[in-house]
Amino acid sequence: MAGPGAGAPAAERDDGPVRRRLPRPPEVYPVPLVHGVTAPAAVRILLPHLPHELHEPTLARLWQVHTAFLLAFTTDRRDEGTAAWRSEVPDLPPTDELGARAAEHGDEHVIKFTEACLREYALRPDPRYPAAAFAAQRRIPRLDAGGGAGGVRPGRPFPA
């Protein structure tokens, strides 16, 4: 089951949810958006171990969930492919430091997101992956500053 534009030339092809979802600027709480990369990256690992007859339904459900995610947690950002991620690049550390920074950060979403971005970057070197990991490290509160799954509770505002 191919996504939109699968037969298009590489420059025009839509490479699916793993490539499109990157953290948003701070007005959108970033933790839900992390799953827009980590879920497809996890399916990429899992798919070869599933029976062949489960490949298409798995990808179809992932596509449905991802579409719902996009509708629920994003706004129209037509400049996402350029301006949004490029703002992270000037301070971007080398990719080999991003994993260590994620572990030091401590938040489980930052750790899994950084791992997924670095894994996807190794498969398809796109500078948006390390930029997205770095953005998450800067925008999601550190574990020692109230981050982590226990940091968001009903009635408590999202961390700034």
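1. On one side of helix α5 (residues 95-105), the residues Asp-96, Ala-100, Ala-103 and Glu-104 are exposed, that is, over 50% relative accessible area with a 1.4 Å probe and protein chains only. The buried residues of α5 are Leu-98, Ala-102 and His-105, buried being under 20%. Seen down the helix axis, these buried residues fall within an arc of 65°, so they line one face of α5; the arc is that of the directions from the axis to the C-beta atoms.

2. This is a predicted model: local features need pLDDT of at least 70, side-chain atom pairs count only at pLDDT 80 or more, and totals for chains, interfaces and linings use all residues. Residues are numbered from 1 along each chain as its sequence is written, and side-chain values use heavy atoms, with hydrogens and water left out.

3. The buried residues of α5 pack against α6 (108-123) and α7 (128-139), contact meaning heavy atoms within 4.5 Å. Just after α5, Gly-106 has a positive phi of about 95°.

4. Helices α2 (residues 31-46) and α3 (residues 55-73) pack at about 170°, their axes 10 Å apart. The two are therefore roughly antiparallel, a term for angles over 145 degrees. Among the residues making the contact are Leu-33 and Val-43 of α2 and Leu-62 and Phe-69 of α3. By class, this contact has nine nonpolar, four polar and no charged residues.

5. Val-37, Phe-113, Cys-117 and Ile-140 touch the most other members of the largest nonpolar core, which has 17 residues. α7 gives the most to this core, with five residues.

Technical notes:
Helix = DSSP H or I, 4+ residues; strand = E, 2+ residues; numbered from the N terminus. Axes fitted to C-alpha atoms, helices over the stretch in contact; angles between N-to-C directions. Parallel < 35°, antiparallel > 145°, perpendicular 65-115°, else oblique. Nonpolar A, V, L, I, M, F, W, Y, C, P; charged D, E, K, R; others polar. Core = buried A, V, L, I, M, F, W, Y, C linked by side-chain atoms within 4.5 Å.
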